[in-house]
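Good morning, everyone, and thank you for making time for this.

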Amino acid sequence: MMHDLLNLMNVEAKEYILNDYNPDLVNFFTYVMSRPNDIILYVKPYFEDMNSEKYYDVREKFNTLSKTSFERASLFLVLKMILYQYHKKFQIMVNQLHIL
């Protein structure tokens, strides 16, 4: 899977070493490579009915979990997607203000 991704980026090597300083990102990609379907099934319910109160519940739970747990890796995705959606919505609002 990762080999295919690197091929798409025209990277050819005998060996690939992926590295990052963010342990949550490393943990997330470890599980993405080994259990992608499990992550999808785990996070799907979070996106069906998310609100600000649930966001804070997810964040609190995330902060209590082991740094290498599957659940933390999955919640990492949930938190990043929520923040991305918020940022996207906020950016649209800012852009509209500039137009006015």
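**Five helices, one chain**

The protein chain holds 5 helices and 0 strands, where helices (H or I, at least four residues) and strands (E, at least two) are DSSP runs that are numbered from the N terminus. Read from the N terminus on, the order of elements is therefore α-α-α-α-α.

A word on where the values come from. This is a predicted model, in which local features need pLDDT of at least 70 and side-chain atom pairs count only at pLDDT 80 or more, while totals for chains, interfaces and linings use all residues. Residues are numbered from 1 along each chain as its sequence is written, and side-chain values use heavy atoms, with hydrogens and water left out.

Let me start with the chain as a whole. Of its 100 residues, 22% count as buried; buried means under 20% relative accessible area, exposed means over 50%, and partly exposed is in between, with a 1.4 Å probe and protein chains only. The accessible surface of the chain is about 8100 Å², and 59% of that belongs to carbon and sulfur atoms, the areas being computed by the Shrake-Rupley method with a 1.4 Å probe, where for residues only the protein chains shown count as cover. If we take the contacts (heavy atoms within 4.5 Å) between residues at least 6 apart in sequence, 60% of them join residues at least 24 apart.

Now to helix α2, which has 12 residues and reaches 17 Å from its first C-alpha to its last, close to the 16 Å expected; the expected span is 1.5 Å times one less than the number of residues. Which residues of α2 are buried? They are Asp24, Asn27, Phe28, Tyr31 and Val32. Seen down the axis of α2, these buried residues fall within an arc of 140°, so they line one face of the helix, the arc being that of the directions from the helix axis to the C-beta atoms.

Leaving aside its neighbours within four places in sequence, asparagine 27 is in contact with Lys67, Thr68, Ser69 and Ala73. A polar atom of its side chain lies 3.2 Å from the backbone oxygen of serine 69.

That brings us to serine 69, in the loop between α4 and α5 (70-99). Is serine 69 buried or exposed? Serine 69 is buried, at a relative accessible area of 18%. A polar atom of the serine 69 side chain lies 3.0 Å from the backbone nitrogen of arginine 72.

Aspartate 24 forms one of them with arginine 72, with the closest N and O atoms 2.7 Å apart. This pair links distant parts of the chain, as aspartate 24 is in helix α2 (residues 23-34) and arginine 72 is in helix α5, 48 residues apart. Both aspartate 24 and arginine 72 are buried.

Another salt bridge joins lysine 61 and glutamate 71, whose closest N and O atoms are 2.7 Å apart; lysine 61 sits in helix α4 and glutamate 71 in helix α5, 10 residues apart. Lysine 61 is partly exposed at 35% relative accessibility, and glutamate 71 is partly exposed at 23%. There is also a salt bridge between the side chains of aspartate 38 and arginine 35, at 2.9 Å from N to O.

I will finish with helix α4 (residues 52-64), whose buried residues are Tyr55, Val58 and Phe62. Those residues cover an arc of only 65° around the axis, which puts them on the same side of α4. The face of α4 turned away from that buried side carries the exposed residues Glu53, Glu60, Asn63 and Thr64.

How values were computed:
Polar contact = N/O pair within 3.5 Å; in protein donor to acceptor, adjacent residues only side chain to side chain. Salt bridge = Lys/Arg side-chain N within 4 Å of Asp/Glu carboxyl O.
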